[in-house]
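Trainee: Before we go through this model together, could you show me how to read its features one at a time?

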Amino acid sequence: MAKERKIMCDCGGILIERKMKFEEIETEAMVCPKCNFVTLTKEQADKYVKLKQLHKLIDTERKIIRIGNSMGFTLPDGLQEFGAEVGRKVKIKALSQKSFKVELIS
Ligand SMILES: [Zn+2]
């Protein structure tokens, strides 16, 4: 985070940054520890909008296809905006028997 700035809640509490879940999307927000009031700073809101966009792009069903002697699946073109591009290296890690994560590495 850039510069820390204290935001006071109407109840007198000081808002603290915390991870929150909005519509299944986990993002940072400012939360009042006293009354649980939640708000987003402009930076947090921008980040949330981007994240929401990413979820919209990627949270879909896809079919595994054959690519030469391997299997693969396609990625939506819009992912380029998030740094995915042909030639970029990715790290794949198993999370469970049925899920894995794909991480863009530089
Ligand atoms: Zn409060």
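Trainee: What arrangement do the 4 donor atoms around the zinc ion make?

Mentor: This is a predicted model, in which local features need pLDDT of at least 70 and side-chain atom pairs count only at pLDDT 80 or more, while totals for chains, interfaces and linings use all residues. Residues are numbered from 1 along each chain as its sequence is written, and side-chain values use heavy atoms, with hydrogens and water left out. Donors are N, O and S atoms within 2.8 Å of the metal (3.2 Å for Na, K and Ca), and four of them count as tetrahedral if all angles lie between 85 and 135 degrees. Here the angles are 102 to 117°, so the arrangement is tetrahedral.

Trainee: Which protein donors does the zinc ion have?

Mentor: They are the SG atoms of C9, C11, C32 and C35, at 2.2 to 2.3 Å from the ion, and the spacing of these residues in sequence is C-x1-C-x20-C-x2-C.

Trainee: Is C9 buried or exposed?

Mentor: Buried means under 20% relative accessible area, exposed over 50%, and partly exposed in between (1.4 Å probe, protein chains only). C9 has 8% and is therefore buried, whereas C11, at 37%, is partly exposed.

Trainee: How many residues of the lining of the largest pocket come from strand 7?

Mentor: Rolling a probe the size of a water molecule over the atoms shows where empty space is left. Strands are DSSP runs (E, at least two residues), and strand 7 (99-104) gives the largest share of that lining, 6 residues.

Terms used. Four donors count as tetrahedral if all angles lie between 85 and 135 degrees; four count as square planar and six as octahedral if opposite donors are over 155 degrees apart and all others between 65 and 115; anything else is irregular. Helices (H or I, at least four residues) and strands (E, at least two) are DSSP runs, numbered from the N terminus.
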